[in-house]
Amino acid sequence: MNEKITRLYDELKSQSWDGLLVTDPKHIYYLTGFASDPHERFLGLVLLRDQEPELIVPALDAEAAQAASSVTRISTHTDTDNPYDLLRQRTGTGVRTFALEKEHVSVLRYEQLHTAIGAAQYVDLGPVLQEMRVRKTPEEIQRLKHAARLVEDALRHGLTHVREGVTEVELVAEIEYQMKKIGADGPSFDTTVLSGPKTALPHGVPGTRKLQHGDLLMFDMGVYSDGYASDITRTFAFGKLSAELETIYNTVLRSNEAGIAAIRPGVSCASVDQAARAVVEAAGYGPAFNHRVGHGLGMSVHEYPSVHGGNSDLLHEGFVFTIEPGIYVPGLGGVRIEDDVLVTSDGVEVLTSFPKELTVLG
């Protein structure tokens, strides 16, 4: 057993749980090294006290699981089998307390699990896995750094296709093609390219709008590589900007830098958000910064911690998250600048390195 699974067994004993089941494919990859998208089929890692761990996979994934998984006890089920019969056989009767990922288990799956296991109580395994995942190992940090390098290479490629009249979706297509070409597993979320007044939409959807001189041009993008995500936003000028848009850009840049400067072990998530937000508020754009300053980053593009002004949780070495302040003025445009950051033993390391100073294209 690896250290991660050993820790789960320790949790079983300390919490007096009879067993636990992991069903989120990301967590199964995290714990065993086996990556799979089972679609609607059942995939689960079962840990029972005083028994070795067991991975239950669809039969069509058996060979891949045997090759990749650190768990050697592997059971399979076909499309005509009931995989919950395997759980019933393993757990037997008299199960009192069983741990599940409550955020991941649907009502339907819970009902099927309860029919098979019949535990008196189900507890949430999510917080245990969250605590394990939030402090990144040196290997995980290297994967995150590689994902950051790949997305920046894809962004550089995208910029070579910027020209007057190009549409947002054309730039998206070029960028996502390049992601695959340079070795990324794929985008970590739908690549966003917005231009002109559409940059005032924090979650805008790329369309057929054509780039014009005087526009802001925003790229929000990330990739998956070896199971880990990156997430970066850069905003550019296409031609000369208005004075107000230049002011907005420079304010967001100073906010981004202030948020990063506030990061070190032992400070709260709230204090980081407040440091970045204070710059925007002092410039008179407080209401136009209408989202948290950042979110955790790792195997998921959004994970713990949530870096906002109401979160008093403290930062620790090994945390990785984004810093992404923004100002959005309807009808005019918006600017967001986003970096991926790592909390170190005495401060912060910025994992993204793409230049942030206002760059004029075209």
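The largest pocket here holds about 490 Å³ of space. Of the 22 residues lining that pocket, Pro202, His203, Asp220, His302 and Arg336 sit closest to its centre. Keep in mind that this is a predicted model.

**Largest pocket**

**Second largest pocket**
- The second largest pocket comes in at about 410 Å³ of space.
- Its lining has 17 residues, and the ones closest to the centre are His27, Glu103, Gly126, Gln130 and Arg133.
- Two elements, helix H6 (126–134) and strand S14 (303–307), each put at least two residues into this lining.
- H6 gives the most, with six residues.
- Sorted by type, the lining of the second largest pocket has four nonpolar, six polar and seven charged residues.

**Cavity**
- Searching the whole structure for cavities of 30 Å³ or more turns up one.
- The largest cavity has about 30 Å³ of space.
- Around the largest cavity you'll find Val46, Leu48, Gln51, Glu52, Glu54, Arg73 and Arg90.
- By type, that lining splits into two nonpolar residues, one polar and four charged.

- Why is strand S18 (residues 339–343) described as largely enclosed by the rest of the structure? Because five of its five residues are buried, with under 20% relative accessible area as the cut-off.
- Both faces of S18 are covered: Asp339, Val341 and Val343 are buried on one side, and Asp340 and Leu342 are buried on the other.
- Strand S15 (residues 320–323) runs antiparallel to S18, and four bridges join the two.
- S18 is also joined to strand S19 (residues 348–350), again antiparallel, through three bridges.
- S18 and S19 make a hairpin, with four residues between them.

Definitions and conventions:
Residues are numbered from 1 along each chain as its sequence is written. This is a predicted model: local features need pLDDT of at least 70, side-chain atom pairs count only at pLDDT 80 or more; totals for chains, interfaces and linings use all residues. Side-chain values use heavy atoms; hydrogens and water are left out. On a 1 Å grid over the protein atoms alone, a cavity is a set of points where a 1.4 Å probe fits but cannot get out, and a pocket is an open set with protein on both sides within 12 Å along at least five of seven lines; lining residues have an atom within 4 Å of a point. Grid points are joined across faces, edges and corners, and a volume is the space filled by probe spheres set on the points. Ala, Val, Leu, Ile, Met, Phe, Trp, Tyr, Cys and Pro count as nonpolar, Asp, Glu, Lys and Arg as charged, and the others, Gly among them, as polar. Buried means under 20% relative accessible area, exposed over 50%, partly exposed in between (1.4 Å probe, protein chains only). Two strands pair if DSSP finds at least two bridges between them.
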